[in-house]
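Good morning, and thank you for coming. Please look at the sequence and the model on the screen, and I shall then speak about salt bridges, a pocket and a surface patch.

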Amino acid sequence: PEHTSVSLAAIRYVAPNGRFPPHIDHCNNGSWVFLFSLGCRACFRVRAPTMDHSRELALQSGDALVFDPSSGAGIVHEVAGVGEESTCPAELGDRFAELRNCRYGVQCRVRF
């Protein structure tokens, strides 16, 4: 299907205390979120209304996650922490020193 809009954002989380509190995006415009992780490992928690407990994902550099950000989907998500410098792939940290001690969450929101 054709998309009607795309927006991009990058959020920097410094290791090891980078966090983003649990929340629902409430984007009710028919969009989807494509989240890409770069740099250090991130502890990402997600919970859908049908789940009894949050699921914890260890997002490595290069991992991607897609979800429905609408109020109706009710996806609660958070960054619960960022791994130490050693969790950044060595080749990436050597090439891009900025990524050695942080994680960038690159969000692409696509509206269909």
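Let me begin with a question: is Glu56 buried or exposed? Glu56 is exposed, because its relative accessible area is 52% and exposed means over 50%. Please keep in mind that this is a predicted model.

I turn now to the salt bridges, of which the structure holds four. In one of them, the side chain of Glu56 meets that of Arg45, with 2.9 Å from N to O. This pair links distant parts of the chain: Glu56 lies in strand E5, residues 55–59, and Arg45 in strand E4, residues 42–47, eleven residues apart. Arg45 has a relative accessible area of 30% and is therefore partly exposed.

Arg45 also forms a salt bridge with Glu78, where the closest N and O atoms are 3.9 Å apart. Here, too, distant parts of the chain are linked, since Arg45 is in strand E4 and Glu78 in strand E7, 33 residues apart. Glu78 counts as buried, because its relative accessibility is 16% and buried means under 20%. Through shared partners, the salt bridges join Arg45, Glu56 and Glu78 into one network.

Another salt bridge is formed by Glu98 and Arg12, whose closest N and O atoms are 2.6 Å apart. Glu98 sits in the loop between helix H1 (90–95) and E8, whereas Arg12 belongs to strand E1; the two are 86 residues apart and link distant parts of the chain. Glu98 is partly exposed, at a relative accessible area of 38%, and Arg12 is partly exposed at 42%.

My next topic is the largest pocket, which holds about 170 Å³ of space. Its lining consists of 16 residues, and those nearest the centre are Ile11, Tyr13, His23, His77 and Gln107. At least two lining residues come from each of strands E1 (5–14), E2 (20–23), E3 (31–39), E7 (76–82) and E8. Which element supplies the largest share of this lining? That element is E8, with four residues.

Finally, I come to the surface. Trp32, Val66 and Phe112 form a nonpolar patch there, and together they have about 280 Å² of accessible area. Phe112 is located in the segment after strand E8, which spans 102–111. With a relative accessibility of 42%, Phe112 counts as partly exposed.

Thank you for your attention.

Definitions and conventions
Residues are numbered from 1 along each chain as its sequence is written. This is a predicted model: local features need pLDDT of at least 70, side-chain atom pairs count only at pLDDT 80 or more; totals for chains, interfaces and linings use all residues. Side-chain values use heavy atoms; hydrogens and water are left out. Patches are made of residues with over 30% relative accessible area and no salt bridge: like charges are joined within 9 Å, nonpolar side chains (Val, Leu, Ile, Met, Phe, Trp, Tyr) within 5 Å. Accessible areas come from the Shrake-Rupley method with a 1.4 Å probe; for residues, only the protein chains shown count as cover. Buried means under 20% relative accessible area, exposed over 50%, partly exposed in between (1.4 Å probe, protein chains only). On a 1 Å grid over the protein atoms alone, a cavity is a set of points where a 1.4 Å probe fits but cannot get out, and a pocket is an open set with protein on both sides within 12 Å along at least five of seven lines; lining residues have an atom within 4 Å of a point. Grid points are joined across faces, edges and corners, and a volume is the space filled by probe spheres set on the points.
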